[in-house]
Amino acid sequence: MNTTHKRRGRRSLAAILAAMLMASVLAVVAGSPAQAANTSSEVLVDHDSDADTAPVREFGGRDRYDTALRLAKDFAEGKGGLNTVPTAFVASGHKLVDAVSVAGLAGFLDVPILLTPGDSLHGRVADFIEDYGVDNVYILGGAGAVSDEVAEDIEALANEPTVSRIEGADRYATAAAAASKLGGGAAWCGGEDPAAILVNGGDMSLVDAMMVGPIAHRLQLPLLMTTADELPAGTADFIEGEDIEHVVIVGGTDAVSDDVATALSDSGVDTVERIAGDTPAGTSVLLAELLTGDCKDDLTPTAPSTVALVSQDGLPDGVAAAPVLSSSSDFADGFLVPMLVVGDTLPAAVRDYLAATPQADSDGNKVNLTIVAIGGAGAVSASVMSAALDAAASSDDLTVKIAATGGDLDDDGDETDDPPQAGNKSVDLHFSDNVIDDLTALESMVRDILEINGAPARLAATPVAHAGGNSSIADCDPDTVTVNLARELKPGDTISIVATSLKFGANVDLRSISGTSVTVPARVVDRTRPAVSAIGIVGQTTFLVSVTEDNLALDFVLDGNDFELSSSRGSTLGAVGWTAGAKSGTVAVVNEDADATNLIHAGDRLTIKSGSVEDDNENKNLQRSFTAVTPQKSPRITSVLMSSLKPLTQAAYTVPAVFTGAETLITISAKKDGAAAGAVGNDWGFVFDVASTYDDEKATDIDVRVNSRDATVFVRFNNGKAKFADLKAELEDNSAFDAMFEVSLPADEDGVCGATENNNLSIDTNSRQEPALRALDDDDAAIMGQTQVAIQVRFNGYVETIGNTPGTTDHSELLADVLDRTASRVQGKGEGVPLEEVRAVAVGRVRTALGLSDNATAGTFNAPGTTVRYEALTTSAAMLPQLRDLVDTDAGHAGDVRTTDTAGDALDSDTDIDPVVAIAIGYAADEGHDPDGKRDTVDEDKNDSSQVRIGRSSSVDAPDDPLAS
């Protein structure tokens with residue numbers, strides 16, 4: 001980069017005398033940063049072209065000499081490579097006081113700074129001078145710093161460079177000697193007067209000189225030295241001789257006292273300015289802020305997304321880095337890179353500076369802040385770099401889950417956790433955020449990161465398909481990319497995403513990808529024998545036989561040869577009722593007794609012979625025998641259990657269009673694993689308004705509050721010209737909100753995801769806005785949350801029918817009992833309406849909301865059975881049964897009137913017994929009178945009364961497949 005040397009006219013003595021002293025002391029104030037760069041990464045290079053070795057720090061040398069050489073080579077490569085560096089500085093690697101003062105002159109001459117031991121010429125420095133065609137070498141300091149023998153060795157090199165010294169009687173005079181070669185006239189940021197920078201020249205304070213080096217280099221300013229309490233003669237002579245009118249002191253009053261500032265004014269300096277933080281790190285932050293602040297125009301071009309870390313104790317590294325950080329075309333395209341000072345830990349001032357870097361540039365591109373370490377791990381430790389990277393980034397790395405394409409193999413509601421299967425020819429990559437929309441670019445990146453068995457994956461002719469996670473809500477939701485493979489996957493194949501320096505993401509997101517891998521499981525060899533079972537109930541005519549096996553032939557049939565009947569009554573097998581392909585059938589019983597009908601008797605045993613059932617893998621059933629069961633008299637409910645609630649879809653809301661514009665709606669949707677998942681999310685409300693004291697000239701202030709009791713999120717715009725990204729950040733910064741909801745910014749008009757982050761919100765109204773659920777893009781229907789649940793009712797014995805009449809499938813009475821408490825909560829007691837009528841209406845509402853009806857489709861029950869299962873889907877969380885709800889069931893009976901008791905004596909009065917509709921009909925026959933003598937029969941086939949509370953059990957599986965809403 002070529003830098004123009006500005007020369008200014010000198011002001012008159014009268015003007016100087018009339019000028020007033022201006023002392024400006026700046027301080028770093030740690031604050032709460034609004035945001036950080038979207039992502040961050042350390043600048044590393046491939047040093048050996050070997051993909052198996054890790055990249056390294058470009059400027060992390062083995063020692064100070066190696067680091068300086070790496071910096072000098074980068075500087076030289078930016079000039080064109082070999083034979084392109086006519087001039088260089090050589091300084092002592094141990095006595096660096098002379099080297100720190102030449103940053104401005106190095107900028108003026110456009111030269112690198114090399115370090116060598118003071119008493120011998122470093123071999124690689126000699127190589128550099130020869131390789132890059134250096135004709136003129138300036139040795140910094142006298143023979144006490146760099147010996148005459150070193151000078152002679154340089155002159156003796158093959159290219160015979162001219163060697164001269166820049167030195168003075170002491171370090172202060174040496175700095176003035178270097179400054180005198182500038183010719184004077186360079187100005188400080190935004191000024192026109194001849195200027196100079198002043199720092200403490202003591203060995204313990206040279207860090208101030210080091211950190212201002214890149215700016216002095218860019219502005220080509222004299223870098224002068226002083227003691228803490230007295231302005232040295234050589235420094236004062238230069239200031240007066242060059243008519244310096246503006247001096248910038250770098251460092252606090254402990255380094256350069258107010259007495260020195262007064263002496264400057266007394267010597268004729270018009271303006272004295274001080275830049276000082278509470279710590280060296282704080283001072284480096286203030287200098288860095290000049291690049292985007294008061295000095296922006298004079299220091300341009302400045303690096304928009306790169307910073308350098310230099311150790312407070314790394315003076316040799318920092319001195320040699322000044323030319324590179326100021327103007328290296330090879331490292332930073334000629335941009336000025338700010339130098340931040342660190343210690344054994346990351347200083348708070350530097351952390352806050354990094355955490356306040358912008359998320360996006362002026363064009364809306366997300367910023368990836370690159371951080372370069374000057375020096376090896378001994379100078380800038382790995383822990384300090386890690387802390388810096390964490391502070392500088394507001395987004396985590398993209399993560400990827402590699403899964404089977406589509407579907408949910410384990411029926412757990414998560415399509416991202418099922419590994420690809422043997423025989424698959426595609427895999428799904430589930431990204432944690434949206435990625436680039438260009439399929440060609442996406443294909444190229446997928447080829448770079450996807451490996452199978454350690455080698456790049458071979459892809460099909462149409463390699464990738466890209467779709468949003470939920471296109472009905474937002475095109476920029478976390479993405480799933482389907483990758484089509486050239487061959488089928490085999491058991492044991494390892495599919496990997498390799499972490500690379502490539503950056504994924506929408507709209508130049510520049511997010512790294514975390515590596516991951518998954519192994520294709522071995523084919524499951526089915527060695528499970530088909531399971532067979534039989535239920536025979538005493539007094540019935542047939543055994544019910546069932547087969548549990550998914551891989552039976554379609555024409556599978558069991559016949560009489562597959563069964564044996566053992567009976568104490570001499571009964572034999574009757575007809576076998578089995579339809580081809582069915583998994584259940586009946587086996588009839590024939591009684592040989594002339595006086596008996598064909599009934600199952602106590603002790604009858606049905607044996608299903610071994611090998612009667614075979615699956616596709618040639619597994620055969622084992623022989624099993626089943627003894628007839630005595631029917632349970634008046635079966636009762638023993639448990640009512642719920643599955644875990646399974647959110648199916650999530651509610652989605654939008655920030656009111658009055659704030660965003662009708663075409664760019666910001667979506668707020670419930671998280672599927674949060675407390676507002678499923679139907680619960682429909683009950684939440686959002687309130688957006690603008691404070692009556694709103695001032696768009698003040699700093700952005702958005703207040704987000706979450707009232708969990710009232711299920712309301714309240715957002716108030718207090719002040720400032722907020723952007724979409726500001727609102728998103730404030731919402732997600734609220735931990736209660738972030739636990740339940742996520743925010744999706746829309747694509748821009750060109751469909752680019754993330755590009756609306758810098759859109760301004762329209763905050764010009766004080767009317768309160770309460771958005772409803774978001775409508776589908778092409779439909780007026782709302783995007784509502786839905787929750788599925790399964791309910792299992794278990795009886796203590798086998799029942800034949802669930803309903804009020806044998807042979808029917810009416811579930812209404814059982815459902816009414818199960819949902820009674822839910823219905824009471826929903827409906828309330830009502831005014832002037834009998835509670836039972838209110839409940840009847842409420843049960844109907846609940847049943848309808850749950851997707852349950854009065855017929856067999858409402859529940860799964862196979863007779864004879866002990867369990868009824870209901871699967872429900874609702875958009876109203878209030879409609880769901882709750883744990884501990886009481887299911888109170890009356891005993892079913894026909895009802896009757898008796899006039900005599902069991903002894904035949906007359907009753908005092910006739911008693912009408914109102915019938916109670918049975919919820920379940922069993923198999924038991926009536927055997928006697930009711931003990932209270934008021935009913936002719938005890939209805940032992942009908943259910944008994946029971947009281948159980950609803951519980952939850954992992955044994956009750958949630959619905960496998962989405963139910964129709």
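Which residues of H11 are buried? I looked this up before anything else.

**Ground rules.** I'm working from a predicted model, where local features need pLDDT of at least 70, side-chain atom pairs count only at pLDDT 80 or more, and totals for chains, interfaces and linings use all residues. Residues are numbered from 1 along each chain as its sequence is written, and side-chain values use heavy atoms, with hydrogens and water left out.

**H11.** The buried residues of H11 are Ala281, Gly282, Thr283, Ser284, Val285, Leu286, Leu287 and Ala288. For me, buried means under 20% relative accessible area, exposed over 50%, and partly exposed in between (1.4 Å probe, protein chains only). That is eight of the 10 residues of H11, so I noted the helix as mostly covered. Helices here are DSSP runs of H or I with at least four residues, strands are runs of E with at least two, and both are numbered from the N terminus.

**Whole protein.** I found 22 helices and 46 strands. Of the 965 residues, 50% are buried. I also checked contacts (heavy atoms within 4.5 Å). Among those between residues at least 6 apart in sequence, 74% join residues at least 24 apart.

**H11 against H15.** Helix H11 (residues 280-289) packs on H15 at about 30 degrees, and the axes are 7 Å apart. Axes are lines fitted to C-alpha atoms, for helices over the stretch in contact, and angles run from 0 to 180 degrees between N-to-C directions. I therefore put H11 and H15 down as roughly parallel. The cut-offs are under 35 degrees for roughly parallel, over 145 for roughly antiparallel, 65 to 115 for roughly perpendicular, and oblique for the rest. On the H11 side I see Ala281, Gly282, Ser284, Val285, Ala288 and Glu289, and they meet Ala349, Val350 and Tyr353 in H15. By class, this contact has six nonpolar, two polar and one charged residues. Nonpolar covers Ala, Val, Leu, Ile, Met, Phe, Trp, Tyr, Cys and Pro; charged covers Asp, Glu, Lys and Arg; the others, Gly among them, are polar.

**H15 against H16.** Next I took H15 (residues 348-355) with H16 (residues 382-392): the angle is about 40 degrees and the axes are 7 Å apart. These two are therefore oblique to each other. From H15, Arg351, Leu354 and Ala355 meet Ala388, Ala391 and Ala392 of H16. The residues of this contact divide into five nonpolar, no polar and one charged.

**H2.** I ran a length check on helix H2 (residues 64-79): its 16 residues should span 22 Å at 1.5 Å a residue, and the end C-alpha atoms are 23 Å apart, which agrees. The expected span is 1.5 Å times one less than the number of residues. Its buried residues include Tyr65, Asp66, Leu69 and Phe75. Among the elements covering the buried residues are strand S6 (113-116), helix H5 (123-131) and helix H13 (315-327).

**Single residues.** Serine 669 lies in strand S34 (residues 667-670) and is buried, at a relative accessible area of 6%. Leaving aside neighbours within four places in sequence, I find serine 669 in contact with Ala651, Ala652, Met740, Phe741 and Glu742.

Glutamate 940 sits in the loop between strand S45 (921-922) and strand S46 (946-952). At 13% relative accessibility, glutamate 940 counts as buried. Tyrosine 923 is 17 residues from glutamate 940 in sequence and 8.3 Å away, C-alpha to C-alpha.
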